[in-house]
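Subject: Structure for you to look at

Hi,

Here is the structure I promised you. Please open it and keep it beside this email while you read.

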Amino acid sequence: MYAHKQGALSIFACIMSLLLSGVVGTASAQQVLVDDSEITPPRSAQLEVWHGWQESWILPSVHLIPRLELSAGTAFVREEESSLRSNEYGIEGKASILDPETAPIGLAAVAGTGITRLGVPKRAPETIYAFVPVSQEVIDDRLTAYQNMGWAREEGGPDVFTWGIRFDLTPIDRFTLIGEVFGEGEGPLAFQTALRTEIIPDRLEIDLSLTRAEFAEDTTYWVTTGITLVSPPMY
């Protein structure tokens, strides 16, 4: 998964989608690797911004069509052995199938695509992906499990199977500990731990995460900070 330019778009594919937490109506910081089944609250907008050594993101989302969240964002990805960063752009749709508030589990379907240059004619996107996130409470309001299974393809590359497992533990109100692992094809696994703090319930969250992944056969660690803002219903 992580040899760079291929690696950069692979991280794009997993992080664009990947990963939101909490229940419907809460903010959902997107710097985690494994997505959950929840979407932005109805008639609301969400803005996620996060910054780290490897990449930075700006990702707005809206929920204007019932049960469908649409996101479009820009990433600034660090080039291998360089302080320069390249731009990547992506768009994603996420449809809620089962709401964990009313069903035993949460279930959604996600699909997205990404490119590295805007305005350049291409026959196909550089990255396309799709996956199914599942959420299930293990201990009410304290421990939640998330699983992802899906598919991804990069320009000129093979189809690969993607998967992820994540656990969120909330030992005290407003503080959540996150642990997750993500895999793609036969590539090395990526591991991440994070601390999520809810500053304003349902409106503002801050994340701090530590990621371990491999680039060009070298193991790399980096820290990422993120902030998520969710608007009240707009109408």
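The protein has one helix and 12 strands. Both kinds of element are DSSP runs, numbered from the N terminus: helices are H or I with at least four residues, strands are E with at least two. Along the sequence, the pattern reads α-β-β-β-β-β-β-β-β-β-β-β-β.

Two notes on method. This is a predicted model, in which local features need pLDDT of at least 70 and side-chain atom pairs count only at pLDDT 80 or more, while totals for chains, interfaces and linings use all residues. Residues are numbered from 1 along each chain as its sequence is written, and side-chain values use heavy atoms, with hydrogens and water left out.

**Inside**

The protein has 235 residues, and 48% of them are buried. Buried means under 20% relative accessible area, exposed means over 50%, and partly exposed is in between (1.4 Å probe, protein chains only). The areas come from the Shrake-Rupley method, and for residues only the protein chains shown count as cover.

Which residues make up the largest nonpolar core? There are seven: Leu33, Val34, Tyr146, Phe182, Ala190, Ala213 and Trp222. A second, separate core has five residues, including Trp57, Leu59, Ala75 and Val77. A nonpolar core is a set of buried Ala, Val, Leu, Ile, Met, Phe, Trp, Tyr and Cys residues joined through side-chain atoms within 4.5 Å.

**On the surface**

Now the patches. They are made of residues with over 30% relative accessible area and no salt bridge; like charges are joined within 9 Å, nonpolar side chains (Val, Leu, Ile, Met, Phe, Trp, Tyr) within 5 Å. A salt bridge is a side-chain nitrogen of Lys or Arg within 4 Å of a carboxyl oxygen of Asp or Glu.

One patch is nonpolar and covers about 800 Å². Its residues are Leu169, Ile172, Phe175, Leu177, Leu195, Leu208, Leu210, Tyr221 and Val223. Strands β8 (159-172), β9 (175-184), β11 and β12 (218-230) each give two or more residues to this patch. Take Val223 in β12. Val223 is partly exposed, at 46% relative accessible area.

Another patch is negative: Glu101, Glu137, Asp140 and Asp141 form it. Asp and Glu count as negative, Lys and Arg as positive; His and the chain ends are not counted. Each charge is placed at NZ of Lys, CZ of Arg, CG of Asp or CD of Glu.

Most residues other than glycine have a negative phi. Asp141 has a positive phi of about 65°, although it is not a glycine. Where is Asp141? Asp141 is in the loop between β6 (127-139) and β7 (143-154). Asp141 is exposed, with a relative accessible area of 63%.

Asp202 also has a positive phi, of about 70°, and is not a glycine. Asp202 lies in the loop between β10 (190-200) and β11 (204-215). Asp202 is partly exposed, at 34% relative accessibility.

**Two pairs to find**

Start with Ala45, in strand β1 (residues 45-52). Ala45 is partly exposed, at 22% relative accessible area. Ala45 and Pro60 are 15 residues apart in sequence, and 7.3 Å apart from C-alpha to C-alpha.

Then find Leu98, in strand β4 (residues 85-98). Leu98 is partly exposed, with a relative accessible area of 33%. Leu98 and Val134 are 36 residues apart along the chain, and their C-alpha atoms are separated by 9.2 Å.

Best wishes

Notes. Areas by Shrake-Rupley, 256 points an atom, 1.4 Å probe, with all protein chains shown as cover.
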